[in-house]
Amino acid sequence: MTSFRAITALAIAALLVTWGCSEPAPVAGNTLQRGLPSDPETLDHHKARSVQAAEVLRDLGEGLAAYTATGELVPAAAERWDVSDDGLTYTFRLRDGLKWSNGDALTAAHFVAGMRRLVNPATAAFYAQMIVDIENADGIVSGDIPVSMLGVEAPDDRTVVLRLVQPTPYLTGLLTHPSTFPIHPGAFETHGDGFARPGKLVSNGAYRLDAWVPGSLVSLKRNPHYWNDAATSIDAVNYHVVVQNAAELNRYRAGELHVTSTVPTDSFAQVRDEYGAQLRIAPYLSVYYYGFNLTKAPFSDNPALREALSMAIDRELLAEKVLGRGERPAYSWVPPGVHNYEPPRLAFAALNKQERERLARLRYKEAGYGPDEPLQVEVRYNTNDTNKRIAVAIQAMWREVLGIEATLINEEFQVLLANMRAAEITQVFRSSWIGDYNDAHTFLSILQKGSPANMPRYASDEYDDLMARAAAQVDPERRRLYLEEAERVLLSDHPVIPLYVWVSRHLVSPQVSGWGDNVLDYHYSQHLSLKTTD
Amino acid sequence: MLRYTLLRILGAIPTLLLVIALAFVMVHAAPGGPFADDRVVSPDIEANLNTAYDLDDPLPKQFLRYVGGLLRGDLGPSFRYVDRSVSELIGGALPYSLMLGAAAMSLALVLGVGAGTLAALRQDSVLDRLIMGFSMTGISIPVFVVAPALILLFAVKLKWLPAGWSGAPGVGRYVLPVVTLALPQIAYIARLTRASLIDVLGRDFIRTARAQGLGTATVVRVHALKPAMLPVLSYLGPAIAAILTGSVVVEEVFGIPGVGQFFVRGALNRDYTLVLGIVVFYASLIVALNLVVDVLYGVIDPRVRYR
Amino acid sequence: MSRTIKASAVFLGVVALLALVGPWLSPNDYVTTNFEKLLAPPSVGGMHFFGTDDLGRDLFVRTMLGVRVTLIVAIVASMVSLVIGVAYGAVAGYVGGRVDAAMMRAVDTLYALPFIFFVILLMVAFERNFLLIFVAIGAINWLDMARIVRGQTLSLREREFVEAARLAGAGTTRIIFRHIAPNLVGIVVVYVTLTIPQAILVESFLSFLGLGVQEPQTSLGALVNAGVGRMESASWTLLIPAALLALILMSFNFLGDGLRDHFDARQAS
């Protein structure tokens, strides 16, 4: 009976609570409905950390530079910029008459304030390392230098000057990232850390925040004060949080979404047959790889073994049969399509399958293993359908080509992360890297000694030296050559097995025009327009 | 009565403390942390984050601070939703979860008791077999299969109802989630009602009533249904648990921003405070409601004594 | 006993047997992948009686394995709940008085806890080990068992044979385990039969959340969950395991209900 009373009371409570609990009415008419695979954790652009939050933030705010629909870097809030001959000073000239979404004037000082807040230790911003190349940023983040010493200045209302510690050719690419966007000082001072909410957030992008139900919906409306508002076609954007890919597909099929964030693995073939041209697939600036734990046996001092394992994997089979959704086999660490970079390839890439397998067996034997002493190895991956397929396939390939006895261990993402970072019990692990900006540096830098994302614990003086030389170059050509040489060293050491390059997959309704494919998978709503059918 | 109430509140405190301690230990025992990501941050940034969220302190101290905050009614800041408090998140999600649960429960009671009664009155008829067959099926198919199947049929193919929840207008968006959640409960309740009613209808006092010339409808309504409801009522406890479990699935599949979804995401993202907050909230809510209802019973029915 | 009970018992027996010996009826094993035969539909000639999954693994063998794992999980979980529940309920019922009141109050409190949340936390905290799944599921289910056993014990306590044992100088422990426990067997068997399907459902729920058994092992819940996404494109990956799951659940429910009626009738007479 106790339970009966409890449920009665619960029901009463429910009715009381739901009383007067109403939803913002969905905007009709020229509204773009987009899917978002997870909730933006915050719309405070300095504290946000997820790709999903960044996607929404690129609609809400604008940095000094931005990308076109097809991924070309263009001036945004800045109309132009100059770089000093030593590559260390960038001077940005802001557009005339820039305004915030509440009509206030947007000045260079707001960009300075934004970047200072980003590196301020009190903000504890996840992306503070984004502008680590700016003078004193490092020391400010660690709390050793006052925030005012950051090498960003506003000599006048329309000029922003950035001083760098080393030439950073990809700097303007970084300035498209929401963490470098300006901040409206008034809104922040009035509302404190809770300023990024509907009714409080003052933004400078093509849209402003209208409503937000955590876990469900973020609604944006056109910002009439945006400098390029005349070119904005869509009046309102609804981002629907749909965690399950299959559910997102259903919503698209039911006509509730114009653009999906992905296409579920299971339904890919069906979707391709059914929707044809509505399916947009493009290479994504990313690499999916298996890493070796280089601090422990059996992989620490055995490059031949690492090479054998890498060679025994049939990447074409993985990409075409096991995945079969447009992924491309990876023979390099930096994916193809990166600006001003031609990735070198793994030495065995030119061989055919038989030659590769023969060579793999040879290396395996050199490494001290064979049919009588098979390698026993644990492969860890985080629980996920694709990871499972890849792991099972690789387990089979290793067994067939080399006779390796691999044990698959799937772990929850957080557990895998903790294990990778500890580098104690891991042997082979699955990981991936997504480029933060369109430059080889975003991939190559993580394998430098001491980089926190260096999961295999790769440590090569030769590699680090080449990376340091590249960093000091102002000339883009010479820099490129150093970076490519560094990758050649990396690939011959086999600290990782690059497996394939991800693709972005979207379903885009025929009503939407202006969609462009790009390696960063950025899709600004302001570039799109909607044909209303009814 | 005041003394009784106070005693009950005092009695609930150790239970709640135990729950909090248990949940606290479990979330912190989980490997990883709220700031772990494959996009690993530099040690300096991690230190700043740990300082900002007081994760530097030893666990016992963190626990005491958490309990201290609870006493002031503060569930702390969420780790993932960096600029929101846990109270705000639960407060926002709760109406949806409660509405979903309450609607599903009401539907299950009405349909379940109705179908069960019908089956009992037409025992061994085709109708009875149909109802029981349906109810057995309802129990035997997991919610995570029923939900997508219903979406496929009613939203994608027939386009009668919205497939998703966010932004869909009106009551329509509640229909599929509520039905999905209610289905297995309808089935259970129908079975319970039928069995119990058949049992009651066989008893002497019903025979007496019938002998007095009362019609079936009257007999059932006036005499039989009330005693037959007892097993159904005692089933409602497990039903709450089942609805809670089911709503995690339903919220995931339909994208309803309810408490269940926040809990699962929170646990996977190591949002310590959010997970703890939800556990604490649910436990205290149930304890508190039990207390309120017990006290109210006393007010309504003086025969209930407080000991 | 009715035909339904017999049919259920026979079905469960056949399924259990198949789960044990089924894998030998097929030339395939549960791990070997075949990228030439991804998602092949069921065929007897192709030696894939239930078709293949998205990695070309034979679904017949995997389904049999899944049934085996699911049954083991459910039975062991029920045993855990049985041991805790019977011990707790028998002690509370036999000792009675304040102890009983306190123990039953504790059960009421535990009922109030959001248990499924704790199971999720357990899975997250201690990674997923197979044993833990049993224990976690069992830990949810013992409360009903404790209540029922207590009720039975309360009435048994007053019966002559218990009185006789007490007069003969038997201690509490001896009375509970020697005299009361054997008389609880009937009702306990019924409730175990009804607990098993609940445990199976919890297992499938954990699989849905991705917190279930490890690859390449599988369970019916995991197979069904994998099949849901291919509802339209490869329906057999959903329909076969889902039908088996449903039939197993139904059989246990029919069996439990039937046994309960049978037991009640015997008690009434």
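**Grounds for the terms used**

Modeller: Let us begin with packing: in chain A, the buried residues of helix 2 pack against strand 8 (207-213), strand 9 (217-222) and strand 10 (236-241). The model is a predicted one.

Colleague: Which residues of helix 2 of chain A are the buried ones, and how many of its ten residues do they make up?

Modeller: They are Ala53(A), Glu55(A), Val56(A), Leu57(A), Arg58(A), Asp59(A) and Leu60(A). Helix 2 of chain A, residues 51-60, is described as mostly covered, with seven of its ten residues buried.

Colleague: Why is Ile390(A) called buried?

Modeller: The cut-off is 20 or more other C-beta atoms within 10 Å. Ile390(A) has 22 such atoms within 10 Å, and it is therefore buried. The residue is found in helix 12 of chain A, residues 385-402.

Colleague: What is Ile390(A) in contact with, leaving aside its neighbours within four places in sequence?

Modeller: With those neighbours set aside, the contacts of Ile390(A) are Leu318(A), Val322(A) and Leu499(A). Leu499(A) is 109 residues from Ile390(A) along the chain, while their C-alpha atoms are separated by 9.3 Å.

Colleague: What makes strand 12 of chain A mostly covered?

Modeller: Seven of the seven residues in strand 12 of chain A, 286-292, are buried. Ser286(A), Tyr288(A), Tyr290(A) and Phe292(A) point one way from the strand, Val287(A), Tyr289(A) and Gly291(A) point the other way, and all are buried.

Colleague: How do you know that strand 12 of chain A and strand 16 of chain A pair?

Modeller: At least two bridges are required for pairing. Strand 12 and strand 16 (residues 428-434) of chain A have seven bridges, in the antiparallel sense. The bridge partner of Gly291(A) in strand 16 of chain A is Phe429(A). Strand 12 of chain A also pairs with strand 17 (residues 496-501) of chain A, in the antiparallel sense over four bridges. In strand 17 of chain A, Tyr500(A) is the bridge partner of Tyr288(A).

Colleague: What is the case for helix 6 of chain C being hardly covered?

Modeller: The count of buried residues among the eight residues of helix 6 of chain C, 160-167, is zero. Just after this helix, Gly169(C) takes a positive phi of about 95°.

Colleague: How do you know that the radius of gyration of chain A agrees with that of a compact globule?

Modeller: For 534 residues the globule rule gives a value near 24 Å, and chain A has 25 Å, so the two agree. The C-alpha trace of chain A spans about 75 × 75 × 50 Å along its principal axes. Buried residues make up 52% of its 534 residues.

Colleague: Which domains does the assignment give for chain A?

Modeller: The assignment gives domain 1 (2-35 + 242-282 + 505-530), domain 2 (42-208) and domain 3 (286-501) of chain A. The centres of domain 1 and domain 3 of chain A, taken over C-alpha atoms, are separated by 35 Å. Six residues from domain 1 of chain A and six residues from domain 3 of chain A form the contact.

Colleague: How many residues of chain A are in contact with chain C, and which element supplies the largest share?

Modeller: 22 residues of chain A are in contact with 16 residues of chain C. On the chain A side, helix 12 supplies the largest share, five residues. By class, that side has ten nonpolar, six polar and six charged residues.

Colleague: Where in chain A does pLDDT stay under 50?

Modeller: It stays under 50 over residues 13-28 of chain A. Where pLDDT is low, the predicted coordinates should not be read in detail. Chain A as a whole averages a pLDDT of 90, and 94% of the residues score at least 70.

How values were computed
Residues numbered from 1 in each chain as written. Chains lettered and ligands numbered in written order. Predicted model: local features only at pLDDT ≥ 70, side-chain atom pairs only at ≥ 80, totals over all residues. Domains from an automatic or database assignment. Contact = placed C-beta atoms within 7 Å. Helix = DSSP H or I, 4+ residues; strand = E, 2+ residues; numbered from the N terminus. Buried ≥ 20, exposed ≤ 12 C-beta atoms within 10 Å, placed from the backbone. Nonpolar A, V, L, I, M, F, W, Y, C, P; charged D, E, K, R; others polar. pLDDT = per-residue confidence, 0-100. Rg over C-alpha atoms; globule rule 2.2 N^0.38 Å.
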